[in-house]
Structure formats: C-alpha cells, structure tokens
Amino acid sequence: MIPKLPLRSPRWRDLDGVTAEEVEVLLEQMASAAASAAVGRTATETGEGWRQTWTALAGGLLDDGTVFDGAYAALPYLVEAAAALPPGQSVDFWVDLGCIVTAEDRAPVPADLDAGFSAALRLAEQAAVRSLLSTGAPAEACVSLALSCVALAGHHIGTALWSLQLQEGYLRLVCPGCGSDTEIPEFFVDPVRPALDAPVLPDPVRARPGPHPWGEVATALREETLGDGWEPFLRVARGVAAAGTPLGTPGPAVLCLVAGMVAAKGTPQAAGRKTARERMLLTGHFSCWDCERTWTIADGLAENPDGAHPQNPLRDESPTADDSASALPPAATGPTGEVPTRLRQDGSALVTSDGTAWGLLAEFSDPAPLSVGGVDSLAVVARPGRSPLVAGVGDQGAVCLWDPATGRLSHDPLPGQPDRIRSMTALPLPDGRVLLATGGETGTITLWDPATGRPVRERFGSRPGEVIGMCAATVPDGRTLLVTVAPRGAVRLWDPATGESVGSLNPYGSPIRSIVAVPISAGHTLIAAADTGGRLHVWDPAVEDPWEPGAAVQLSKRALHDADHRVAAVAAVPMRGRTLLATGDDRGAVMLWDLATGDPVGDGLPSSTGTAGLPLLAATTPHGGPSVLVTGSRLRRGLRVWEPETGTVRHIALEVTLTSLAATGPDLIVGHDRGVLGVPLAGR
C-alpha cells in the first residue's frame, strides 16, 4: 500500500498545481474505467473522460517544464489507479509521468510526501514496463514509452524524452563540456547495416539490487532480430535489461535497450524495426562545433549526464578530472604557430585553451545608483586627435560614455530622455566635431556633445513610432545626414544642423531589421538595410527621389538564392582600400559583398549553431593587423572572430549573455545582460 496524503488534509491548500477535489474527480473516472474493463467492455465503451481530465490536471502539475509540488501528493493516488487499468489504456499516462519526473525545473519533494512519491515511482516503473510488453503501441509512441520506463527506473538518459522532441528532422545536442548546441540535420535514416560499433557494457555489470520488472524485457529481446549486423546491439540491450537497468549503466547502452524495446513491441512490426535501427544511431558519437571535443550522443541528449567524459580530453586531463564547462581542447595555431584559435573567459581574464593568459577583460564601471543593467545599444564615438569613447544605454535609460582603454566613465551619465532610448550612433560633422545621436521609443531624437555630456539639439523628430535604428550618411555636397528607422519601415534623412527632415529612403516601406552606412568613396556613403523578410536593400542618400538608384547597386539575387542566405543583420567591414558590406543570417552564416558590383567577395563564414539566432556583428581593424569581423547572437555567449583576408577564425566563450556589440581598434565592446565588457582582440 502506497502512503498517501489524505484527501481531506488541509495540507493540500499549501500545495501548488492541483487540488484534492480535482484528484477525487479523476480517481472516480479511472476507477470506473477499470471496473468496466474488468467485465469485458472495450476502451471505447468505458469512455475517454478520464483521459481528458488527466490531460487538464497534468497541465497544472507540469507547466512549461516546471513541476509543482502538488504532483508529489497527487501522483501516489493516480499511479495506483493507472496501474489498475488495462495496459493498453495507460500508455499516454506513463509517457506523461516520464515527462514529469524528467522535467528540468522540479521542486524538491517535501519530506512528508517523499515516502509516498518514492513508492509511487516503484509501482509506476512496474506498470509502465508491463504496459510496454503487453501493448503494441505505434513505433514513435513506443520510443516515448520506452524512455519513460527508463526514466521511472531512475536512469539519467530518460531526460532524452525532452531532447528527442524532433523539429524539422534535425537532432539537437548540448555539449556537456562547453554547453554549446550542435544540430545534426536529417539524422534519423534507416541504415541497412550498423554505421558504428555497438557500445561496450562494463565488465562485470553491476546488477540492480532487489526485484525489478526488466527480466521480461530481456526475454522479449531474445526473440528479436533487426537484420545483419545488429545482434551486438541487441546483446547489449539484453544485458542492460537482465541487470535491471542499473543507474550507473552508460547512456549508449541504455539507448540500445530503448531501441530494442521498440523493435520488439513497436507496431506495425516493420515500422518498429525501422525505428529501432534509426534510434540505434543514437549510440554513436558527435563532435562539438565549438570546443571540438567528441562526446557520446547519449551525453549530448541527457541533462547533466552522469560520468560524461570527452573521447579526446585535454592534454592535462586525467580520466577522473572534473570536466568543467569552461574546459576547452588544445588550441590550433595560425601560420606563426603562436595564435590560439580558442579563448575563454576566466574571471577577469581571457585565456587560451591551455590556460595561457591572452589578455585582461575590462569591466566597464557601473554608475551606481543609476546602474545601467543590461546594455541594449552601443556606439563608438571616434574623436579626431583624441581617444574614442564608447556610448551605451541600459535598462534605466541613462546614456553612459566610457573610455574603452580603462573602462571608466568619461563623466557623469547623460540625463535620460523622457522616453526610453532604443538606438544610438556617432554623427561626424563637416566641422570636425563628432556628436552622439540617440533615438527614443516615441520617435524623438537628441544630439549630444560627448565632450561635455550636454545636449546640442533636443527632441526633434517626434514622429509616431520608435527609432529602432540609426546611422550617419555623408553625401557628395559635404553634408552629414542622420538616417533613422521606424518599426513600420519609415527610413528618414535628417539635417543635424536644423533638425529638419530632408528626405526619405525605403520607398517600398518594408519593415527594417538592421541598417548600416557603407562608404563607397571619400564623402559618399550608401545605406544598406535588412528587412524582416530577409531581403537586403541598398539606397543612395545623395539622390532626392527615393525611387532613383543613384550609385546604389543591389546585391546579386542569384548569389543570395544559391547561398540560401536570408539577411538578418548588416555591418560595414573596412578592408585594404575599400569597405565591404557584411550580411549575417539567423543560422550564423556571414557573407561579404562589394557594393560597387553587388557580388559576393570570398567564401564567407559558414553557419554555426553556436552563433545562430538573432545576429550581432561588429568590425574593426586592430593596429597593424588585418581587419576582423566579430559575430555572435543575441542572448547567447559565444563569439567568432573572423579575419576575412586570412580565413582565420577564433572562438571566444564568455560568461555573460550578449545583447549588443561594437568594436574600436584592438578592442571588442560587448554589451551584456549585466553591463559592458571590453574584450582584447589581440593578445597582450
């Protein structure tokens, strides 16, 4: 008998996710279904009411990966009731229960409910295995049921119930070492013969103490065949089952068991065996794109896998060493044999993969009590004859100006606008001054003198809608114009001397996602913008009619199509004697373009799951070195530093969540969820 919290106990009022009354209703429905089945009525005749009630109740116990403590009081009742149902009627219940016990965010089991919940899991394991052996579930459903059985046995590979939720046919893995995602497209194919060797069980296998329900599974697997070459995998599966799926069993071996169970019981038989062969591929290995270490796929599927160790460890890593998230493989070297390709943050330092110091990170000072918090927008204000300043605006709306060499504020934060600042840019004027332009969420624009911290021109514009993007454009008549973007696609030109609108771009009105000014000659820039549909537009601000192309040449549609490149972000990359346009997409791929011809330049930077997502781009030319383009993704932590001229790519793993990027000279400026970091791009 499972210990249970009495349904009339006032303790239920302290628990979240379920009420005692809801449990009572479901118990009555499940008891009715069990009684009807006992007298020979079919599932259709007994009704499906309890399933609908359970689905609604389960939504309260498990909400978006969070398990509420009411589950620990309700499940002892419900498991006992589900175990009394015919095995074929409870498949979905056991799969749902497997998802609950493997959810990422689970409240601790209260001490007074622990005994009942633990007993419920033991009964659930027995009933779920019986359901699997007695029921011919469809092959894909059988995979989930088999993983639930493993989860109820307490093995960590049961968390693959969550990670094997396929989307568009790819397999998503998480590196146990550095935490980067790796996506493998079209992973599940039906191999005629095994494409890899079967896992090896420990010798001897430490059998699980006490009674367990897995002996019948081992018997069922003795009668199964998957075809030529698959018997070693089934031999491993039988060994795991005979031992009772002990907790210390390697993940690949348990995945053999899962696939074997699908082969034995998945329906129709041909589909079950096909699915089993596909799932056997999960017993192989994968190489992390970021840290370049090789892991078992099982380690990449499980949440915090026990005993995960890379197949190619660090040179100084012993088999029992702690495999921390910051550990990286030996660095590759460039032409000189000295340039490391992989860097990671270690406190306030940036170090190579073997721990050698690369340089110090500059933590930009926080102007408490105005605390900038997360920094959404950055701009570098270059000043002729003087060191540049870095402007940033955070959650509190105050604009800060820092010296990137020291990370210190140049003066007190600029007073915030009445509306929240959404964008900013440096604005060089013909007289040699460089102002800072900021745009607010109600469409207002302010010009600031970074030397004094005072406004030069306040609150012009006042157009409906936010100013979500800005850049500065020079035109052949000697003027510098401010270019602003509104969410609905309005791209306007402003004369900073008067605060008046002097023109507009984007005649098609496409909503714009990213915008940049690209110099094509002395005193003449073009404007490139990516819209929300992934298209790239090039405009010439020197022509009055926005429909006239002027010097603007559009990018090659054929090249964009052949590369399947849907542009999401743009940046200007200074090269030797010219400036190229860089375009990034949501997959992490980057292409370079010559705006004189509209043709791509070079091979570009391939896509990367580590920098996939909403792209961030920043380019600079470190002193005496080749130009670099830094790519990342908003709300991620990895960066790639690409030298287009040499093809060299360095990876940087930071301990902060990225929100914005800028670059000046040898330094990368990183806006993150807690402030601003200065990252050296060249070793010091």
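Leaving aside residues up to four places away in sequence, arginine 238 touches Ala218, Leu221, Arg222 and Glu231, where contact means heavy atoms within 4.5 Å. This is a predicted model, in which local features need pLDDT of at least 70, side-chain atom pairs count only at pLDDT 80 or more, and totals for chains, interfaces and linings use all residues. Residues are numbered from 1 along each chain as its sequence is written, and side-chain values use heavy atoms, with hydrogens and water left out.

The side chain of arginine 238 also joins that of glutamate 231 in a polar contact of 2.2 Å (a pair of N or O atoms within 3.5 Å; within protein, one must be able to donate a hydrogen and the other to accept it, and residues adjacent in sequence count only if both atoms are side-chain atoms).

Helices are DSSP runs of H or I with at least four residues, strands runs of E with at least two, numbered from the N terminus.

Glycine 598 lies 39 residues from alanine 559 in sequence, and their C-alpha atoms are 9.4 Å apart.

Now for the strands. Three of them form an open sheet of mixed pairing, in the order 1-2-3, with pairing defined as at least two DSSP bridges between two strands.
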